Amino acid sequence: METRKLGNQGLTVSALGLGCMGMSDFYGARDDAESIKTIHRALDEGVTFLDTADMYGVGRNEELVGKAIRERRNEVVLATKFANVRAPDGSFVRIDGTPEYVREACDASLKRLGVDTIDLYYQHRVDPNTPIEETVGAMAELVKAGKVRYLGLSEAAPETIRRAHKVHPITALQTEYSLWSRDPEAEILPTVRELGIGFVPYSPLGRGFLTGKYQHPNDLEEEDTRRRHPRFQGEAFYKNLELVDAIKAMAERKGCTPAQLALTWVLAQGKDIVPIPGTKRISYLEQNIAALEVSLDEDDLQQIDRALPAGAAEGTRYAAPQMAALNR
């Protein structure tokens, strides 16, 4: 398995990570046994970088990941996140970046994960009511205490990233990035590269849409929250299928799947980029890993740029309330 460096503080991870969110929340029915098998297969294949968060399944995902890695902790670079507070029933309560909550959330995550140290600890969303200096200051205290090794931010604005980095080195920024979400190319990627911060794209397969698996909104399970996602609804769904058709045509010429083409494109955007495609099934995991064997030359990349330029997707990344929490 190829490895890549995230940031300049010494963190090295597998070139491809595994997003664990969908194993416990948002994307339909759970199957913990299959999910644990998927995590084990990922580790067997050299995927060391596992991503979870305290909000996924209201803590259940951290418990699941912790159970899966219990006998294999030394093989894992473990990333989790805090700040999105949910009630026990799953409803969203607030975004909290106060120092008190930073400490409370970290201790709770350590307990659920069953580990002594979190390798990469992200602020999941920026709290507009707490200065980033206070939040990152509290996160830095966790590093000094040995509870956390490296710090990260998620969906933060360039100026926020700069302010945070002055308080304590930020190792990684996690933000949505894919062939249908190319917004980071304008300001985010130049900023993190200037500061020596690694970039971790989540949803590099467009929440599964770019795989070509979904041809109709009803292909999603009733409880799948993507049914309410702007890009999966109404006319936007069918307009976005045109993008998938372009990916399918190029993938066929390259002898790979649409998912592999989309993932290879993300990997080709820089050695400082480590995507974390999520899956809860071994078959999809193995397809994603095989993307590392696909190569795109300059002509391929130019062709993809013409077919799927920045802003090509129909619909916003999230519904309006969630969009308001981005790029703070």
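This is a predicted model: local features need pLDDT of at least 70, side-chain atom pairs count only at pLDDT 80 or more; totals for chains, interfaces and linings use all residues.
## Helix α2 and its cover

Helix α2 itself runs over residues 60-69, and 7 of its 10 residues are buried, which leaves the helix mostly covered.

Ile69 belongs to α2 and has a relative accessible area of 1%, under the 20% cut-off, so Ile69 is buried. Leaving out neighbours within four places in sequence, the contacts of Ile69 are Ile39, Leu50, Val76, Leu78 and Val115.

## Tyr122 in strand β8

Next stop is Tyr122, a residue of strand β8, which covers residues 118-123. Tyr122 has 0% relative accessibility and so counts as buried. What surrounds Tyr122? Not counting residues up to four places away in sequence, Tyr122 touches Phe49, Asp51, Ala79, Thr80, Lys81, Phe82, Met139, Gly152, Leu153, Ala172, Gln174 and Val200.

One of these, Gln174, is also a polar partner: the side chains of Tyr122 and Gln174 make a polar contact at 3.5 Å. As for Arg4, Tyr122 is 118 residues from Arg4 in sequence, and the C-alpha to C-alpha distance between them is 19 Å.

Ser178 sits in the loop between β10 (172-176) and α6 (188-195). With a relative accessible area of 0%, Ser178 is buried. Beyond residues up to four places away in sequence, Ser178 touches Ser203, Pro204, Leu205, Gly206, Leu210, Trp265 and Val266.

If you check backbone torsions, two other loop residues are worth a look. Ala83 lies in the loop between β5 and β6 (84-86), and its phi is near 120°, a positive value in a residue other than glycine. Ala83 counts as buried, at 0% relative accessibility. Arg207 is found in the loop between β11 (198-202) and α7 (234-254); the phi of Arg207 is near 55°, again a positive value in a residue other than glycine. Arg207 is buried, with a relative accessible area of 9%.

## The whole protein

Stepping back, the protein has 11 helices and 11 strands. Its radius of gyration is 19 Å, close to the 20 Å that the globule rule gives for 328 residues, so the protein is as compact as a globular protein of that length. Along the principal axes, the C-alpha trace spans about 50 × 40 × 40 Å. Buried residues account for 57% of the 328 residues. Of the contacts between residues at least 6 apart in sequence, 75% join residues at least 24 apart.

As for charges, the protein has 41 positive and 49 negative ones, and their mean positions are 2 Å apart.

Methods: Residues are numbered from 1 along each chain as its sequence is written. Side-chain values use heavy atoms; hydrogens and water are left out. Helices (H or I, at least four residues) and strands (E, at least two) are DSSP runs, numbered from the N terminus. The radius of gyration is taken over C-alpha atoms; the globule rule is 2.2 Å times the number of residues to the power 0.38. Buried means under 20% relative accessible area, exposed over 50%, partly exposed in between (1.4 Å probe, protein chains only). Contact means heavy atoms within 4.5 Å. Lys and Arg count as positive and Asp and Glu as negative; His and the chain ends are not counted. The place of a charge is taken as NZ of Lys, CZ of Arg, CG of Asp or CD of Glu. A polar contact is a pair of N or O atoms within 3.5 Å; within protein, one must be able to donate a hydrogen and the other to accept it, and residues adjacent in sequence count only if both atoms are side-chain atoms.
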